[in-house]
Structures are given as C-alpha cells and as structure tokens.
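Please look at the sequence and the structure on the screen, and I will walk through a few places in turn.

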Amino acid sequence: MKVTQQQAPITSLWDDQAAAAMSEPELLLYRSNLLGSDLRITNFGGGNTSAKVMMADPLSGEQVEVLWVKGSGGDLGSIKLDGFSTLYMDKLNALKGRYRGLALEDEMVAYLPHCTFNLNPRAASIDTPLHAYIARKHVDHMHPDAVIAIAACAGSQALTQKIFEGELGWLPWQRPGYDLGLKLEQVSKAQPNLKGIILEGHGLFTWGDTAKSCYETTLAIIKRAEEWLAANSKQPSFGGQAIEPLPSEQRSALAARLMPLLRGKISRDEYKLGHFDDSAAVLEFVCSRDLQPLAALGTSCPDHFLRTKIRPFVIDFDPLQPDFDKLVAGLDQALEEYRAGYVAYYERCKHDNSPAVRDANPIIYLIPGVGMLSFAKDKATARIAGEFYVNAINVMRGANGVDTYVGLPEQEAFDIEYWLLEEAKLQRMPKPKSLAGRIALVTGGAGGIGQAVARQLLQEGACVMLTDIDPEALSQAHTDLVKSAGKDSVGSIVANITSEEAVESVLQAAALRFGGVDLLISNAGIASSAPLEDTTLEIWQRNQDILVTGYFLASRAAFRIMKQQGLGGSMVFVASKNGLVASAGASAYCTAKAAEIHLARCIALEGAPHGIRVNVVNPDAVIKGSRIWDGKWKQERAQSNKIEADDVEKFYRDRSMLKLSVLPEDIAEAVYFLASDKAGKSTGNILNVDAGNAGAFTR
Ligand SMILES: [Zn+2]
C-alpha cells in the first residue's frame with residue numbers, strides 16, 4: 001500500500017444571491033463560516049476575521065466606525081453573530097497614546113474592554129489590535145497549512161517574494177500582540193498595493209474593500225501557495241516511505257489494545273480521553289524515513305503547539321515484527337523520559353513570573369505503521385489536537401518539499417505556552433463536571449432507562465458508548481443524544497450481549513472510540529411472565545442468557561479493561577425489585593434478577609482491591625419509555641394482577657408506599673449517584689428506586 005494525500009482544489013463558495021440581502025455584520029458572518037468550514041483554510045478555532053462598519057452610536061445616534069472582530073474562543077466554521085466582539089475604532093486608535101513599548105504590551109489587553117461598542121459582552125481576543133490597525137475595511141487572518149508551510153521555511157522571506165511576486169508582505173516571527181498590530185499597520189500603510197502579509201512561522205493576513213473581495217483574495221492566495229508547493233516540491237515527501245503500514249484491521253486492533261494501557265499511565269492526575277487517527281496523511285508521516293527527526297523538530301504555528309505540546313511522543317514499535325508486549329514493556333521508561341524532557345524545557349525557559357509547570361504527559365502519540373493517538377481532558381479536545389497535528393504534518397510536508405522546515409525557537413514556544421494571557425484564559429475555564437474524562441458503557445442503551453442514564457451521564461461530563469441489540473432504536477437513541485450532547489461524546493455499537501465475541505467487540509469499540517472504560521451500566525433487559533408449569537426451558541434460558549450471562553460477559557470484559565487502566569472503575573447493575581421479592585408467575589425472571597444481584601456482590605469483592613466498585617439499582621415498574629413494558633409483559637402483568645392493560649401504570653403507582661410512578665429519570669439519578677465519586681465509598685450496595693415497597697427493604 002502506498003500512502004499519499006489527494007485533495008480537491010480550494011474553490012470559492014460565495015453565493016451572490018444569498019449575500020445580496022445581508023448587512024455588513026451578516027456578510028462578515030457569512031464569510032467567516034465559509035472560511036471556517038474548510039480545515040485547509042484554517043484549523044479548528046484558529047484564525048479570525050473582521051470588518052470595520054459604520055453604525056449608529058447608541059448614546060449619540062451619530063455614525064461611528066465599529067470594528068467587528070471574532071471574539072475570544074469559538075470557531076469560525078460555527079460562529080454566530082454573538083461570537084464577534086464590537087469595539088469603537090476611535091477608542092482603539094486612541095489606545096496608541098497609552099502604549100509603553102514591547103516589554104509592556106500585555107497591559108494593553110486590559111484596555112480593550114474600555115473600547116466596547118454597544119455593551120457587547122463578547123470578550124475581545126488578543127488578536128484584536130492586529131485587525132484594528134490594518135488600514136483596510138475587511139481583514140482575514142487564517143492559518144492555512146500551505147501558507148504556514150511557506151512561513152515555516154528557513155528561507156520564508158525570499159520564498160514569499162518569489163511565489164507572490166510582491167503581492168504579499170512579510171514580517172518576521174513575533175508573538176501576536178499589541179506590538180504586532182502596530183507593525184501590521186506600518187506595513188499595510190507603507191505598501192498600499194499589498195493584498196496581505198505572511199507572518200513568519202505563524203500564518204496569513206489578507207484584506208479587501210468588500211467582504212467578498214477579501215474572501216476571494218484569501219482563497220486565491222491559499223490556492224496559489226498550494227499550487228506552487230505542489231509544482232515545486234521534491235518527491236517523495238518526508239524522505240520517502242520506510243515501512244509498510246499494517247493492514248487496517250490490525251491498526252485498529254492494536255490501537256484499541258494500547259489505548260486503555262496508555263490512558264492509565266497518563267491519567268494519574270486527570271482523566272484523559274483518547275482519539276485514534278490512521279488517515280492517509282498520518283500514515284504517510286508515521287511510515288516515512290524522516291519520522292523521528294521531523295517529529296523532534298516540533299510544530300511551528302502557535303495554535304499547533306498550544307494544542308499538541310511542543311513535541312509529539314514517538315512510540316517504539318516495529319510493524320515489520322509487531323510485538324505488542326515489547327511495545328508495552330518499553331512504555332513506562334519512554335514516557336518518563338518524555339515527561340523529564342518536558343520539565344527540563346520548562347526549567348530552561350521559565351521566567352520569574354511564569355505559571356507553574358503543567359501536565360508533562362504527551363498529547364500526541366505517533367506509532368510507526370499504525371497511526372496517531374491523541375489524549376486530552378475531553379474527547380473534542382483530543383480529536384482537535386489530532387487534527388492540529390495533521391495540520392503540522394501538512395506544514396512539514398510543504399516546507400520540507402521546497403526548503404528546510406524550521407520549528408519555532410524553544411523560548412518563543414515557551415513564551416506562548418506559558419503566556420500569562422493564556423494562563424488567564426485557562427483560569428477562566430469553568431470547573432470540570434463531576435464525570436469529566438470518564439467513559440461509560442451503557443448496555444440496553446436504546447431503551448427508556450438506558451437513554452435516560454446516558455443523558456444524565458453525558459450531562460455530568462462523561463462520554464457514553466451505547467450498545468443495544470436493536471439497530472434502528474440504537475441509531476435513533478444515538479441521534480437524539482448527539483443533539484443535546486454533541487457528536488464527540490457519544491458512540492454506539494449494535495451487539496447481542498449474550499455473545500462472548502460481540503461483548504469483546506463492544507469493549508474494543510469503546511477503547512478505540514474513547515480510550516477505555518470507567519463506568520459500566522449493565523442495563524440490557526427483558527421480562528417474561530408465566531406460571532412455573534408453563535415456563536418453557538426456552539423462556540428460562542432466555543432470561544438466564546440476557547440477564548445473567550449478558551451481565552457476566554459485560555462486566556468481565558469491562559473488569560479486564562478497568563484493571564489494565566489501573567484507574568479504578570464503577571459498575572452499576574440495573575436489576576429489579578423482583579431480584580429481592582419473589583413474584584408469582586415470573587419465576588424465570590425473578591430468579592435471573594436475583595442472580596444478577598448476587599453477581600454484582602461477587603464482583604464487588606474481587607473489584608475492591610483494584611478500586612472497582614459494583615452496586616445495584618433496583619427499579620420497579622418503570623413503564624414510561626420502556627420497551628419491555630410495550631410488549632407482551634404488560635398484558636401478562638395485567639392478566640396476572642387481574643386488571644386492564646391501560647390501568648397498569650395506575651395499579652403500580654397505587655401499590656407503592658409513596659403512591660408515585662417511577663420514571664426512567666429516577667433510575668438514571670440513582671445510577672449516576674452510584675457511578676460517580678459521590679458514592680466513592682459504596683460497593684456491594686443495593687439502591688431501591690421503587691417508590692417504596694416493604695418487601696424489598698434490604699437487610
Ligand atoms: Zn494566528
């Protein structure tokens with residue numbers, strides 16, 4: 001297999017008809033969304049756009065010039081109008097009188113809120129002065145791989161001149177801040193014919209008199225950079241292919257085995273979530289001759305290394321003689337060396353007022369012949385870090401194809417990573433949720449209780465892998481959960497949990513999708529009802545298969561992974577009041593539920609030394625949203641209790657001590673409590689959620 005990259009050319013998506021009725025702020029939004037929708041134009045969350053617009057001042061009613069510029073946070077692809085901050089241009093210009101020089105440029109950030117127009121609550125970003133002082137109405141600042149490649153070449157200035165023939169200016173590397181804004185002003189005023197400026201080691205500024213011309217100039221410049229690189233690059237990239245990648249299934253299988261182990265080693269201080277990428281761009285890089293030396297150079301664009309750390313971690317693995325145990329055996333020491341290297345970098349570069357050293361574990365893991373793993377405190381951040389490293393790979397390919405790639409000098413990288421303004425941003429982040437970084441597996445995930453549990457765990461910050469035997473119901477549940485929780489945190493896989501092989505594949509899927517498993521909510525269920533003499537062996541066996549064997553298989557597989565991770569874990573079995581209280585005409589069901597409860601206690605004993613807790617929630621008569629109660633079971637229970645099927649809910653409510661119906665959300669609340677650290681000192685317990693039933697009192 002040959003691993004190379006093929007991409008469609010960048011083309012303008014501007015629709016004059018759609019744009020005709022738009023106001024200037026709406027045109028800015030339109031342009032921003034178009035630019036942000038293509039990762040080759042700018043990376044996620046990277047770059048910003050602006051327009052200088054005449055508007056009525058809310059106090060005086062007079063027309064004033066207002067800078068609309070992407071605010072702090074968010075992404076251009078999905079930004080809405082409220083994502084832009086708005087500032088008075090005359091006040092921004094007046095700030096120049098306050099500027100006391102490069103060493104004190106950070107203090108200018110505190111003045112920006114004083115320039116706010118119309119009480120807009122969106123905080124202005126650090127890049128605001130860069131947009132404000134370029135003497136053009138419309139300005140784009142992008143991080144396109146092809147342009148950063150040119151900006152990251154040793155001969156970047158000469159190449160810029162050669163490729164763009166004087167249409168683009170060039171500024172040497174400088175941390176983006178107030179001073180860089182003044183430099184951009186100088187260049188854009190001194191050379192009015194320029195269409196934009198390349199910032200060394202960083203990215204591109206382009207501008208125009210209208211939103212459309214600005215957009216099209218940005219695209220034209222990026223296209224020219226791409227075409228020039230393609231026409232002039234030495235082939236093959238990265239010194240050529242050194243090794244064949246493993247076949248696709250073997251790559252995924254290896255990643256799924258490795259991720260829980262690795263996750264355990266790097267989650268001691270904070271739970272991490274993982275992401276696996278074996279796309280063509282990644283494989284080309286991790287199979288290349290120059291993998292080691294290029295990886296060691298680190299990334300260039302500030303956005304890249306803020307997300308990926310200054311350097312990736314290259315795992316010692318030979319796909320020609322794949323030896324998983326050898327790989328694992330070498331991990332601890334290699335990780336120790338990486339962490340020591342990171343701390344040494346911190347010590348070499350720190351200033352008197354630098355923030356304390358942060359987590360020293362790698363974020364990006366490159367595995368020769370296999371692909372790339374990325375780990376971060378949540379799934380979206382892990383995925384995006386991986387995407388950023390793909391940007392960095394593209395930059396290295398482009399730069400080394402035509403010249404020599406240079407990473408950012410170490411001190412400059414440090415000064416961005418530990419910039420006090422970045423630290424302030426981190427400090428402003430909301431406190432993590434109670435299940436942040438945890439991975440939950442919910443069996444029977446398409447049912448009423450399963451979905452309610454998944455929803456609650458997602459709300460508390462967990463990632464959830466759903467499994468169910470019903471593909472349509474599962475796909476619907478997945479879609480519904482994604483709507484509220486976003487695509488990153490939800491995964492699903494169809495499986496029959498009575499099959500040993502299927503259960504293994506579920507755990508493998510959870511490992512590959514998120515990095516392992518911390519919480520198992522064993523919930524897949526059925527119910528049956530028949531007097532003893534009418535209970536066929538088939539009915540008996542079916543209850544045993546799903547309620548006992550299914551719970552055994554899921555918990556055994558999850559237990560193994562939890563043990564590997566070494567991070568403890570929590571299992572919650574959704575059993576039934578009937579596991580404690582015998583019920584006439586349901587011996588197969590009641591017996592299987594009793595076995596479930598006892599299985600939980602046995603695992604609680606074995607799990608305790610590993611910090612794995614196992615508890616039981618006993619629902620009773622959860623009829624709303626239940627797929628069990630939709631079917632025959634309702635009829636059977638109605639018959640057995642000598643009532644109409646429509647009266648079943650009322651019957652159970654009236655039978656309860658508290659005279660309340662039990663809802664899926666009530667079960668979810670109890671499951672969440674037992675799954676979370678709130679119940680960190682409880683194991684082997686039973687929590688009845690049955691609106692009160694004296695027969696089920698535990699003793
Ligand atoms: Zn930038």
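With which side chain does the side chain of Asn391 make a polar contact? The partner is the side chain of Asp145, at 2.8 Å, where a polar contact is a pair of N or O atoms within 3.5 Å, and where, within protein, one atom must be able to donate a hydrogen and the other to accept it, while residues adjacent in sequence count only if both atoms are side-chain atoms.

Before I go on, a word on what we are looking at. This is a predicted model, in which local features need pLDDT of at least 70 and side-chain atom pairs count only at pLDDT 80 or more, whereas totals for chains, interfaces and linings use all residues. Residues are numbered from 1 along each chain as its sequence is written, and side-chain values use heavy atoms, with hydrogens and water left out.

Let me stay with Asn391 for a moment, which is found in helix H14, residues 379–402; helices (H or I, at least four residues) and strands (E, at least two) are DSSP runs, numbered from the N terminus. Asn391 is buried, because its relative accessible area is 5%, and buried means under 20% relative accessible area, exposed over 50%, and partly exposed in between, with a 1.4 Å probe and protein chains only. Not counting residues up to four places away in sequence, Asn391 touches Leu39, Asn43, Asp145 and His304, where contact means heavy atoms within 4.5 Å.

Now to the metal. Which residues coordinate the zinc ion? They are His141, His143 and His202, each through its NE2 atom, at 2.0 to 2.1 Å. Donors are N, O and S atoms within 2.8 Å of the metal (3.2 Å for Na, K and Ca), and since water is not among the atoms, sites may look incomplete. Along the sequence, the spacing of the donor residues is H-x1-H-x58-H, and both His141 and His143 are buried.

My next stop is helix H18, residues 471–485, which has 15 residues and reaches 20 Å from its first C-alpha to its last, close to the 21 Å expected at 1.5 Å a residue; that expected span is 1.5 Å times one less than the number of residues. Within H18, Ala473, Leu474, Ala477 and Leu481 are buried. Why do we say that the buried residues of H18 line one face of the helix? Seen down the axis of H18, they fall within an arc of 95 degrees, so they line one face, the arc being that of the directions from the helix axis to the C-beta atoms.

The N-terminal end of H18 is capped by Asp470, with a side-chain oxygen 3.1 Å from the backbone nitrogen of Glu472, and just after the helix Gly486 takes a positive phi of about 90 degrees.

In the loop between H18 and S14 we find Ser489. Is Ser489 buried or exposed? Ser489 counts as buried, because its relative accessibility is 19%, and its contacts beyond four places in sequence include Leu458 and Phe514.

Just after H22, Lys642 takes a positive phi of about 60 degrees. Val648 lies in H23, residues 648–655, and is buried, with a relative accessible area of 0%. Among the residues that Val648 touches, leaving out those up to four places away in sequence, are Trp629 and Ala638.

Let me end with Glu107, in the loop between helix H3 (89–94) and helix H4 (128–133). Glu107 is partly exposed, because its relative accessible area is 27%, and its side chain makes a polar contact with the side chain of Arg100, at 2.9 Å. Although Glu107 and Leu421 are 314 residues apart in sequence, their C-alpha atoms are 9.8 Å apart in space.
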